[in-house]
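Visitor: I have a new structure to look at, and I would like to learn how to read it. Could you walk me through a few features?

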Amino acid sequence: MDGVPETEGTPGSGVAGDAESSAEGTPGSEAAGAAEGSADAAEPSEAEAGPAARGDSATPSESDAEAAAEPESVDQDEAAKPESVDQDDAAKPTEAKTAAAAAAEPESATQNDAAEPESVDQGDAAKPTEAEAELAAQRVERERIERRKAEKQAPVEAGAKLSGTAADLLAAVRAVESGAKPVASAFSEPPAPRRPAPEPERRPEPVAAPAGPAVPAAGAVAGVRAVLTEGGAPDTLAPQLAALLGDGADQRLREDPWQLLRVSGVRPEQADGFARALLGAECGPDDERRGRAVTVWLLEQAALAGHTALEVAALTTALAQRAVPDPDTAVQSALAEGEVLVFQDALDTAAPAPEAEGDEEGAEPPVRVLIGLERYALAEESLADALGRVMNSVPKEDGSAADWERAAASAGRSAAELIRAVAGHGLVLHTGGDASRAEAAALLSAARGLGLRTWAAAHSRIGCDRFTARLAPSDGPQREPGTGVSTVAGLLSGTEGPGRDADGALVLDLLVVLDAPQLDVETAAMLAESLPDGARLVLSGDPGVLWSAGPGRVFADLLAARVCPGIASRTPDPGPIGELISGIGVGELNQVEAPGKEVVIVPVRDAGEAVHRTVQLVADSVPRALGVPAEQTQVITPGHGGAAGTRALNAALKERLNPGPGRFGGFDPGDRIAYSPAPGRTLPGRVVKADADGLHLEISGAPVVVPKERVEQSVRHGWALTAHQAVGSRWPAAVVVLPGDAAQALTRPWVYTAFGLAERHLSVVHGVEQALPRAVAEVTAKPRTTRLPVLLRPQVPAAG
């Protein structure tokens, strides 16, 4: 097959064994999350009808996606949304009880977590769990955003926003003006040292606020439950709605039934049925309350697909598709109520057109009008401000230039470039594949040798372990108290990392963030704002992989903005797999020589054969031919649903590798699992046991107990994952399954990410024919609407 690497001899020979015959048939059902056709707003299609028709939580259809965030891939979409479930019936979405009942049943850990983050009980009541600490850190970030909003509306004291040298000069001027100090002494005193000599004690928590979601009063829940029952909705939504709506929740819900859309997974047609049951003849598509609620809902769907805001035209088009008669009025109403924000961002025109004769002087430059939710808009502004502080707070002359240069001279070419860039800049971008992590490790070792307190953070625990192995022995986290490696989530939550000082800043001088493309705007803002003045930040990652599960494209935006140095690694990934990945990165699916069976193509004719061959590869062929045990082989597929999605593959792999009755919520000891403690995060592990406390897991060698009421929402079998669940990790062997119904889900970033998860061996169970080379050559990442590049322009004088 053109453009597809194959082994010599019979296709699928070598590791895969001889191809087994099977009946030729039509490909199975469409891959979960593959783009569906746009449906009429008045009569939604089965894909759009949501839980009422499918028996699952909502996944935006293509009509949502066009205006409200078309997902960049099936996998990308599902990392922040639930896996879709097979369609069971064609019930009308206007049947409120059936529709809303489905919304109460999350279909995957990530969707449910988006509404209700999981709490992990690790058996230590005195110590907060990682999930609880992370939630507390997020709550503090929300409070900070609220304070920021209030500050924007209040008069700002002159000099209040200054820091570093500028703040010292202002203080000196004020001291002279007040007569507290003479002019000479005020400006001749030596500056304070950049950091105190003694290192502060490690603080396990960055905040003291109690963790866990606010629990509404029993009376409030009872009131909301009564309204839900009256409207035909399941009363199981009552606690969540009572917490979301706050005081007087029952009255607010009765007065505005479309508040039901605030529950994650509920769709407009389901809220319409609920509203009709409560309001009767008063309910109509032109209701102002409905227009506002659908506007906010569409922006939430946009955020799930990665957008931090939407252009007005895109938003109004989506509102029209959702049977909102006057989209412009709906947007204006949402703005007037403060539920959304409007932004006018000047367009970056490289060469402005010459003014025509008669044009008035001082004509305003063209602008782009965007509508966004306050949460993401303020997070993006906070990120831009924090990055500006990082870029401008590092002293350009700190007396260590010669030491930095000596460290660079002793490093390799790409590592030397990285070290020199970090020596003179507060923010540096570093791009490259897996092999480039050696350069980040060399940077940390050099900085540690210069006396800096260093730390690295990766997206996954597997990524942390692999990077730790690259560090010099003296830089290992167990050998030096001032350096180490942790997950980004652990660093922010306080369960891992160097600790924080009295001001809440991380106790470090250099932070290297690996897997930088996985940073969404909220996570990136919390990281940047946690850095002390004078600290350096290096964002390192492969720009070819899938973007973050959450909104934003922070790494790509920074690369495009050119506001700081960018160092591109010249170290290629080795071997046939590295050669294959390098070609995919530039849009070419090349044949590669694989004498050691590093890359094997296994053609299949239908989804049933794909599942059969996958089980054969994992359980028999790869262990026998390459010595890689089944527990070190990861299966990757585009979606959760379909005849060869993660659910079908996990069921078949469990039956072969760890058969059992599934006595503990479908799980048995020894099962491989994927645990989602928070939205967009997937932790591979295995089941140890179950008891009255819940399901006991082992995650990267650490025990985790998931309460039994949380198991269904947060734990899935993990022999097979989607590429976005697996990003940031690597396994000795990977089996990538491409059934025929997954053709529309494939993109270049998805293929690049999935194939790059294999370290020693890659098997491709191939049933998409020419769709694979076509996706690599033509289907790039879908664009995301963000404001970060515009916000970064005033932060620095020019490109660094």
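Predicted model: local features only at pLDDT ≥ 70, side-chain atom pairs only at ≥ 80, totals over all residues.

Visitor: Which strands pair with E3, and in what sense?

Guide: For pairing, we look for bridges between two strands. Strand E1 (residues 310-311) pairs with strand E3 (residues 367-372) over two bridges, in the antiparallel sense. Here Glu 311 has Leu 370 as its bridge partner. Strand E2 (residues 341-346) is also antiparallel to E3, joined by six bridges, and Asp 345 faces Arg 368 across that pairing.

Visitor: What is the strand order in the open sheet of five strands?

Guide: Read across the sheet, the order is E10-E19-E18-E11-E17, and the pairing is parallel. Strand E10 (599-603) and strand E17 (720-721) form the edges, each pairing on one side only. Further in, E18 (residues 731-738) and E19 (residues 758-766) share seven bridges, with Trp 731 opposite Ala 758.

Visitor: Which helices pack on this sheet?

Guide: Helix H25 (residues 607-626) touches E10, E11, E18 and E19, and its direction makes about 150° with that of E19. Helix H29 (residues 748-755) packs there too, touching E11, E18 and E19, at about 145° to the direction of E18.

Visitor: How many disulfides are there, and are Cys 283 and Cys 564 buried or exposed?

Guide: The search of the whole structure finds zero disulfides. For burial, the cut-off is under 20% relative accessible area. Cys 283 has 18%, so Cys 283 is buried. Cys 564 is at 8%, so Cys 564 counts as buried too.

Methods:
Residues numbered from 1 in each chain as written. Heavy atoms only, no water. Helix = DSSP H or I, 4+ residues; strand = E, 2+ residues; numbered from the N terminus. Disulfide = S-S within 2.5 Å. Buried < 20%, exposed > 50% of the residue type's maximum accessible area, 1.4 Å probe, protein only. Contact = heavy atoms within 4.5 Å. Axes fitted to C-alpha atoms, helices over the stretch in contact; angles between N-to-C directions.
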